[in-house]
Amino acid sequence: VIDIRKLYADTGYFTYDPGFTSTGSCESTITYIDGDKGILRHRGYAIDDLAEKADFLEVCYLLIYGELPNKAERDKFSADITMHTMVHEQMRNFYNGFRRDAHPMAIMCGSVGAMSAFYHDSTDISDPNQRLISAYRLIAKMPTIAAMAYKYSIGQPFQYPNNALSYSENFLAMMFGVPCEKYNVNPVLAKAMDRILILHADHEQNASTSTVRLAGSSGANPFACIAAGIASLWGPAHGGANEAVLKMLKQIGDVKNIPDFVNKAKDKNDPFRLMGFGHRVYKNYDPRAKVMQQTCHEVLKELNVQDPLLDVAQELERIAREDEYFVEKKLYPNVDFYSGIIFKAMGIPESMFTVLFAVARTVGWIAQWKEMIEDPSQKIGRPRQLFTGDVEREFKEVQNR
Ligand code: ACO
């Protein structure tokens with residue numbers, strides 16, 4: 001590894017690396033990925049183990065504090081998070097300013113950014129206690145804010161959190177309960193939701209996390225930084241892919257149409273790509289996709305749903321994995337490939353898919369933000385550029401141009 005800071009200071013050279021394909025931006029101890037082997041670990045723990053054996057709040061604790069909590073720590077953390085699940089009552093009015101047909105991700109960008117106005121008593125980033133409170137507030141309130149975005153879009157009343165429920169149960173209850181207290185928790189669905197949140201919790205320096213770090217490097221408050229992360233996540237090349245996958249599967253419609261779409265994805269004159277395939281870091285099967293596929297079968301079985309889109313997805317995966325183009329370019333299904341089918345079976349509309357990703361990723365963003373702020377070598381993020389324009393031109397008055 002070359003210490004670019006020193007090299008630049010000594011020589012004036014800098015690297016030109018569009019898309020940052022080979023530029024490390026920070027040191028981190030949170031998430032380890034070996035893309036060639038398809039390994040993902042948080043603080044050393046394998047993602048499959050966490051998804052199977054831990055609950056989401058334990059993983060949140062792990063990402064923030066670096067250790068899995070013992071029983072007392074887990075109970076206290078859970079109680080502390082629960083204390084923050086409600087949002088400021090004034091935020092209800094804020095929602096009313098949005099059009100009912102607004103995309104929920106647009107509402108998320110706005111309402112999470114607005115948290116800096118509602119919770120400015122935890123925006124002093126030089127105070128470790130305020131940093132922690134803002135982290136707790138974000139983790140606790142995200143499901144409430146997301147469920148409010150959904151309820152607003154379908155014209156139903158907002159539901160207050162039910163703190164007798166677990167994190168994932170409460171989220172489902174706020175989404176589907178009318179009222180929240182009457183919601184009958186299905187343990188299989190609650191477990192599936194918890195697992196989905198764990199699978200999305202962190203993924204080191206992806207576009208949205210890097211956005212959060214870059215925004216935070218200037219000293220911006222954590223709510224503003226997470227709003228920036230949400231905006232970055234929205235794109236179809238990143239978190240928006242789960243919504244795009246379902247649209248694509250519907251468009252394919254039938255297994256007999258798959259070869260046409262595979263050929264389209266291989267055609268370099270066609271911008272179409274197989275959504276939910278490929279990854280910047282994984283050049284092997286995304287370990288999250290395996291757990292997601294298994295969860296997909298469990299949820300569909302529990303709900304007695306036979307979704308033809310699952311047949312299309314499985315056949316598409318089979319064909320792509322035998323196709324020379326996808327094999328050679330090491331394009332495998334990623335975490336987004338099967339999640340949409342699960343969400344659809346649960347009754348979650350497509351426009352909410354990326355919102356769920358944002359709810360889960362909030363802990364990763366805030367853990368990474370906190371790690372950066374607490375790193376003494378942290379500097380404002382400021383990439384260089386390769387200037388290709390005119391260096392100097394003579395100014396002409398408007399009548400002479
Ligand atoms: N379908 C068809 N071809 C693909 C696909 C795909 N899904 N993904 C990559 N390729 C091809 C590219 O055309 C390129 O081919 P070339 O070498 O002949 O030019 C090659 O594979 C490398 O692709 P890049 O775009 O250079 O790879 P990059 O690392 O920049 O992009 C990305 C990764 C954005 C994930 C890409 O694979 C993609 O667009 N996938 C579909 C969208 C998606 O599923 N995004 C979710 C990512 S996971 C997440 O954010 C949670």
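## Helix α7 against helix α18

In this predicted model, helix α7 meets helix α18 along a run of side-by-side residues listed here. From α7 come R131, A135, L138, I139, M142, P143, A146 and A149. Their partners in α18 are V355, V359, T362, V363, I366, K370 and I373. By class, this contact has twelve nonpolar, one polar and two charged residues.

Helix α18 covers residues 353-373. Its axis lies 9 Å from that of α7, and the two helices pack at an angle of about 165 degrees. An angle over 145 degrees counts as roughly antiparallel, so α7 and α18 are roughly antiparallel to each other. Their crossing is right-handed.

## Helix α7 against helix α8

Helix α7 spans residues 128-154, and helix α8 spans residues 167-176. Their axes come within 8 Å and cross at roughly 20 degrees. Angles under 35 degrees count as roughly parallel, so α7 and α8 are roughly parallel to each other. Here too the crossing is right-handed.

Which residues of α7 and α8 meet? On the α7 side they are P143, T144, A147 and Y150. On the α8 side they are N170, F171, M174 and M175. The contact holds six nonpolar residues, two polar ones and no charged ones. P143 of α7 takes part in this contact and also in the one with α18.

## The ligand shell

How many residues surround the ligand? There are 20. The closest are A241, R273, F277, G278 and R280. By class, the shell has eight nonpolar, eight polar and four charged residues.

## Two backbone details

Most residues other than glycine have a negative phi, and most peptide bonds are trans. Two places in this chain depart from those patterns.

R43 sits in the loop between β2 (39-42) and β3 (45-46). P179 belongs to the loop between α8 and α9, and α9 covers 187-199.

## Confidence

The mean pLDDT of the chain is 95. A value of 70 or more is reached by 100% of its residues. For the complex, the predictor gives an ipTM of 0.96 and a pTM of 0.94.

Definitions and conventions
Residues are numbered from 1 along each chain as its sequence is written. This is a predicted model: local features need pLDDT of at least 70, side-chain atom pairs count only at pLDDT 80 or more; totals for chains, interfaces and linings use all residues. Axes are lines fitted to C-alpha atoms, for helices over the stretch in contact, and angles run from 0 to 180 degrees between N-to-C directions. Helices (H or I, at least four residues) and strands (E, at least two) are DSSP runs, numbered from the N terminus. Angles under 35 degrees count as roughly parallel, over 145 as roughly antiparallel, 65 to 115 as roughly perpendicular and the rest as oblique. A crossing is left-handed if the near helix is turned anticlockwise from the far one by less than a right angle, and right-handed if clockwise. Two residues are in contact if their C-beta atoms, placed from the backbone, lie within 7 Å. Ala, Val, Leu, Ile, Met, Phe, Trp, Tyr, Cys and Pro count as nonpolar, Asp, Glu, Lys and Arg as charged, and the others, Gly among them, as polar. A residue is near a molecule or strand if its C-beta atom, placed from the backbone, lies within 6 Å of it. pLDDT is the predictor's confidence in each residue, from 0 to 100.
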